[in-house]
Amino acid sequence: MSKLLLIDVLNNPKILLNIDDRLSYQIITEARHLSLLGQLKARCDRAHIEQDLPLPIQQQLLSGFHSYQKQQQQLLLEHQHLNEQLQGVISSWRYLRGSALQWLDNDMFAGRIKHNIDIYVPQQHVVSVEKALLNNGWRYKNIADYEETFYRRWAQQTTPLIHKQRRTELAIHFQLLPKTLINKLNPIPLLHHHLSPPACKPATLLSPDAMVLHQAIMLFNQIDYHYGLRDIYSLYLQFVYFGQQATFWHNLIQLHQQVGNDNSLYLAVNLCRDLFNLSVPDNVLLYFQQHKLSRLSYWLYQQRFINRFIYQFPLHRNRDYRDAVKSLRFRGRLKQMPIYCIVPHIIKRLIINSIPHDDEEVIY
């Protein structure tokens, strides 16, 4: 087998039983590079093959899963601290993205690694929440002043915070959608319903339909897709798991209509069909067929997204991958800020990146 990709193994983990040591370690290395090692272990567990794998491969998979378990423990610890530090400041907050999936503590999402803790706080409470955290061992991450302007103006989140001792990184979102989408989409329906796992009270999570739609919009309105395969795979798992609920697809379509006509959900569903053979109800497919602009966008970008996601590992990068990176980066710029801001932004980023600086070591 000359060309084996991680996505092939995610779709059929039994491949690991029939390849040599070199290819096995290549898959393990790719999974670790893309923050998917823990989820690969969980995928092998669901296929009931882990005990049949060579012992060194089992050990590598287990090391990735241990990182996930450590993150879960750290998330619980940080939640306890937040609960103490935000007493009297805010009654509740919502965990987003990877943090939310870890709170679900479900076998389907086991192994999902996150790179910071994401929470949503209503904008009117942000200043008081930041003040409380800064008085309790948190500080702003050391980034350039221009970067802070970008975070607050366009990304709709505060400058990331890092705890001085525990080195945990926290991102506070005061809007659920990027600023460039606010005039096109209505984020309020995303907050209409929620999940309340007992362990994360008084905080909550978005409802399943809102969680999926929010993650789809955030995935397809970004610039960098270094963890694109992890994120689209997480969406696929959510479609499969939440899709078992009788009302999930109905609620998702209804929410999509309430939020506004964004093509991110169309891209997510169809890429999951192409990459993972996702089964989608006929009425959902008929709904998406009505969106001609989304179909056109998918036709234009389908192969670019696929190339970006599956060839991210350095060993697999080819000309198609490099072309996809350039194309999707420009698309991301258009999504994240107005056209008149793009050229100045690129120039400033080039200048900032040319200045020697020390990257912060963040332990998650």
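Helix 3 passes helix 10 in a left-handed crossing; left-handed means that the near helix is turned anticlockwise from the far one by less than a right angle. The axes of helix 3 and helix 10 (residues 228-242) come within 12 Å and cross at roughly 35°. This is a predicted model: local features need pLDDT of at least 70, side-chain atom pairs count only at pLDDT 80 or more, and totals for chains, interfaces and linings use all residues. Residues are numbered from 1 along each chain as its sequence is written, and side-chain values use heavy atoms, with hydrogens and water left out.

**Helix 3 against helix 10**
- Axes are lines fitted to C-alpha atoms, for helices over the stretch in contact, with angles from 0 to 180 degrees between N-to-C directions.
- From helix 3, Gln-39, Arg-43 and Arg-46 meet Arg-230, Tyr-233, Ser-234 and Leu-237 of helix 10; contact means heavy atoms within 4.5 Å.
- The residues of this contact divide into 2 nonpolar, 2 polar and 3 charged.
- Nonpolar covers Ala, Val, Leu, Ile, Met, Phe, Trp, Tyr, Cys and Pro; charged covers Asp, Glu, Lys and Arg; the others, Gly among them, are polar.

**Helix 3 against helix 4**
- The axes of helix 3 (residues 37-46) and helix 4 (residues 55-85) come within 7 Å and cross at roughly 120°.
- Helix 3 passes helix 4 in a left-handed crossing.
- Helix 3 contributes Leu-37, Gly-38, Leu-40, Lys-41, Ala-42 and Cys-44 to the contact, and helix 4 contributes Gln-60, Leu-61, Leu-62, Ser-63, Gly-64 and Phe-65.
- By class, the contact of helix 3 with helix 4 has 7 nonpolar, 4 polar and 1 charged residues.

**Nonpolar cores**
- The largest nonpolar core has 105 residues, of which Leu-40, Tyr-95, Phe-220, Ile-232 and Phe-239 touch the most other members.
- Helix 12 (residues 264-276) gives the most to this core, with 9 residues.
- A second, separate core of 5 residues includes Ala-42, Tyr-68, Ala-110 and Ile-113.
- A nonpolar core is a set of buried Ala, Val, Leu, Ile, Met, Phe, Trp, Tyr and Cys residues joined through side-chain atoms within 4.5 Å.
- Not counting residues up to four places away in sequence, Leu-40 touches Leu-6, Val-9, Leu-10, Ile-27, Ile-28, Ala-31 and Leu-61.

- Leu-10 sits in helix 1 (residues 6-11).
- Leu-10 is buried, with a relative accessible area of 2%; buried means under 20%, exposed over 50%, partly exposed in between (1.4 Å probe, protein chains only).
- Beyond residues up to four places away in sequence, Leu-10 touches Leu-36, Leu-40, Arg-43 and Tyr-233.
- Leu-315 lies in the loop between helix 14 (292-310) and helix 15 (319-336).
- Leu-315 counts as exposed, at 54% relative accessibility.
- Leu-315 and Gln-26 are 289 residues apart along the chain, yet their C-alpha atoms are separated by 9.1 Å.

**Whole chain**
- The chain has 16 helices and 7 strands, taken as DSSP runs numbered from the N terminus (helices H or I, at least four residues; strands E, at least two).
- The radius of gyration is 21 Å, close to the 21 Å that the globule rule gives for 364 residues, so the chain is as compact as a globular protein of that length.
- That radius is taken over C-alpha atoms, and the globule rule is 2.2 Å times the number of residues to the power 0.38.
- Buried residues make up 55% of the 364 residues in the chain.
- Among contacts between residues at least 6 apart in sequence, 70% join residues at least 24 apart.
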